[in-house]
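Here's a friendly walk through a protein model for anyone meeting it for the first time. Have a look at the picture, then read on.

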Amino acid sequence: MATDLAAPLAAPDVAAIQRRTLRLLFVTQIIGGVGVTIGVAVGALLASDIAGTAVAGLVSSAAVVGGALLAVPVTRIMTVGGRRPGLVVAYLTGAAGGALVVLAAVTRWVPLLFLGMLLFGGGSAANLQARYTAVDLAEPARRGRQLSLIVWATTLGAVAAPNFASLADRTTSGWGLPTLAGPFAFSAVALVLAAGAILALLRPDPLLTARRLAATGTPATPVVLPAPTARRGAGMRAAWAVVRARPAARLGIVAVAVGHLVMVAVMVMTPVRLHEWHDDADVLRVVGLVLSLHIAGMYALAPVAGWLTDRVGRRAVILGGVGLLLAACAVAGTAGHHTAWLSVGLFLLGLGWSGTMVAGSTLLSESVPVGIRPSVQGLSDLTMGLAGAAAGAVSGFVVEAAGYPVLTGLAAVAVVPLVTLALRPVPVGAPDEED
């Protein structure tokens, strides 16, 4: 990786590096999206078959928690060595998790299944970190669009993956693997391919290049903040100190976490709500349609969210995302037994998540020094993942005790701190790049 810091880079070279980086990330996001989603699509079914229905939800949550926790070591690797080794380690960890899940299916050993799903979350951690890699060398006026392009690429993998699940299962059945183990074998292969592509082609490393440009004061650099060098001590504690000192960074991290919390809380209980008035023969078809609209809202229009982030500003898009989340909670909570109205609510929920995710991630990335940036981004992904896991765990108890409308009302209340933070005036002299 020393070659990344070898010769001076002119402005056209930086633009060429950014174009190559975006093309590579776009392709690996599709491959990684297939790898992650193909496993997630059958993970609960496999867990139910091995350990029972009561455990299936916990196994799915293990992948979410694993992805959040893996963000910490992955971003430490990035802080010291750049984006390439961090992404490679994350993808390979996810591949190892997929292999352990296959072994757990063969042995029917539940603890091994949990461990495999925890490590499988590495694939999600890599896909999330890829969006930050897209803005290391991005021009300030195009950061939102280029970050959202990588978010949008996930859609292609997520849409294609369920179609590969049955093919993978049929293909591996002749190898003696149990039913539903095949998709995880395919996941492991896909994540290894993504890791190999990053290792071979992500050169020069965009984060290391951005640091050197900031250190030398090259006019072409898109990074204008100080602290261009990495420190081995730049961990979560240092990241939290930087976020506390920067209002824009606080807003970015809270926007991502709160948007994800609201989205997960409402989304995971929607199938349960639909089952209240659809019988077993129809509920899977209806749930598939409603959640497809929700996923379309999350990812398909991400480039629009990115364009608006660059055109009208980060804070404005965050507030717009909050407005959509509130509208989604209102529509879903008052939909009653009207499936079409509930579908509209879930679509709005996806749009709101997209706005807070794209604008919040962009604002966070540009509001912290390049030397500490990976650790701050890892802190954001850790916070987001734990918020989503907590929301998913608590939402079931809320629905059982008080009902789905109460859940949507509580989810709406959860965005109040974000609105307060977004509307708060930025102090004069605050150390934010946007100022």
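## A threonine and a backbone oxygen

The side chain of Thr 209 has a polar atom that lies 2.8 Å from the backbone oxygen of Asp 205. Thr 209 itself sits in helix α7, which covers residues 206-216. Is Thr 209 buried or exposed? With a relative accessibility of 0%, Thr 209 counts as buried. Keep in mind that this is a predicted model.

Thr 79 is another one to look at. You'll find Thr 79 in helix α2, residues 53-81. The side chain of Thr 79 reaches the backbone oxygen of Thr 75, at 2.8 Å. Its relative accessibility is 2%, so Thr 79 counts as buried.

## The big picture

Zooming out, the protein has 16 helices and zero strands. It has 435 residues, and 56% of them count as buried.

Leu 70 has 17% relative accessibility, so it counts as buried; the cut-off for buried is under 20%.

Which residues does Leu 70 touch, leaving out those up to four places away in sequence? They are Thr 93, Leu 118, Leu 119, Gly 121, Gly 122 and Ala 125. Between Leu 70 and Thr 93 there's a separation of 23 residues in sequence, while their C-alpha atoms are 9.0 Å apart in space.

## Helix α14 with α9

Now for some helix pairs. Helix α9 (residues 247-275) and helix α14 (residues 373-402) have axes that come within 8 Å and cross at roughly 30 degrees. Angles under 35 degrees count as roughly parallel, and that makes α9 roughly parallel to α14. The crossing of α9 past α14 is right-handed.

Who's involved? On the α9 side, the contact includes Ile 253, Val 256, Ala 257, His 260 and Leu 261. On the α14 side, the residues include Leu 379, Ser 380, Thr 383, Met 384 and Ala 387. Sorted by class, the contact of α9 with α14 has 13 nonpolar, seven polar and no charged residues.

## Helix α14 with α13

Helix α14 also meets helix α13, which spans residues 339-366. The axes of α13 and α14 come within 10 Å and cross at roughly 150 degrees. Angles over 145 degrees count as roughly antiparallel, and α13 and α14 are therefore roughly antiparallel to each other. Here too, α13 passes α14 in a right-handed crossing.

From α13, the residues in this contact are Met 357, Leu 364 and Ser 365. They meet Arg 373, Val 376, Gln 377, Ser 380 and Met 384 in α14. By class, the contact of α13 with α14 divides into four nonpolar, three polar and one charged.

## Helix α13 with α11

One more pair to go. Helix α11 (residues 302-312) packs with α13 at an angle of about 45 degrees, and their axes are 9 Å apart. That angle makes α11 oblique to α13. As for handedness, α11 passes α13 in a right-handed crossing.

What makes the contact between α11 and α13? Ala 302, Ala 305, Gly 306 and Thr 309 come from α11, while α13 brings Ser 354, Gly 355, Val 358, Ala 359 and Thr 362. The residues where α11 meets α13 split into four nonpolar, five polar and no charged.

Methods: Residues numbered from 1 in each chain as written. Predicted model: local features only at pLDDT ≥ 70, side-chain atom pairs only at ≥ 80, totals over all residues. Heavy atoms only, no water. Axes fitted to C-alpha atoms, helices over the stretch in contact; angles between N-to-C directions. Helix = DSSP H or I, 4+ residues; strand = E, 2+ residues; numbered from the N terminus. Parallel < 35°, antiparallel > 145°, perpendicular 65-115°, else oblique. Left-handed = near helix turned anticlockwise from the far one by under 90°. Contact = heavy atoms within 4.5 Å. Nonpolar A, V, L, I, M, F, W, Y, C, P; charged D, E, K, R; others polar. Buried < 20%, exposed > 50% of the residue type's maximum accessible area, 1.4 Å probe, protein only. Polar contact = N/O pair within 3.5 Å; in protein donor to acceptor, adjacent residues only side chain to side chain.
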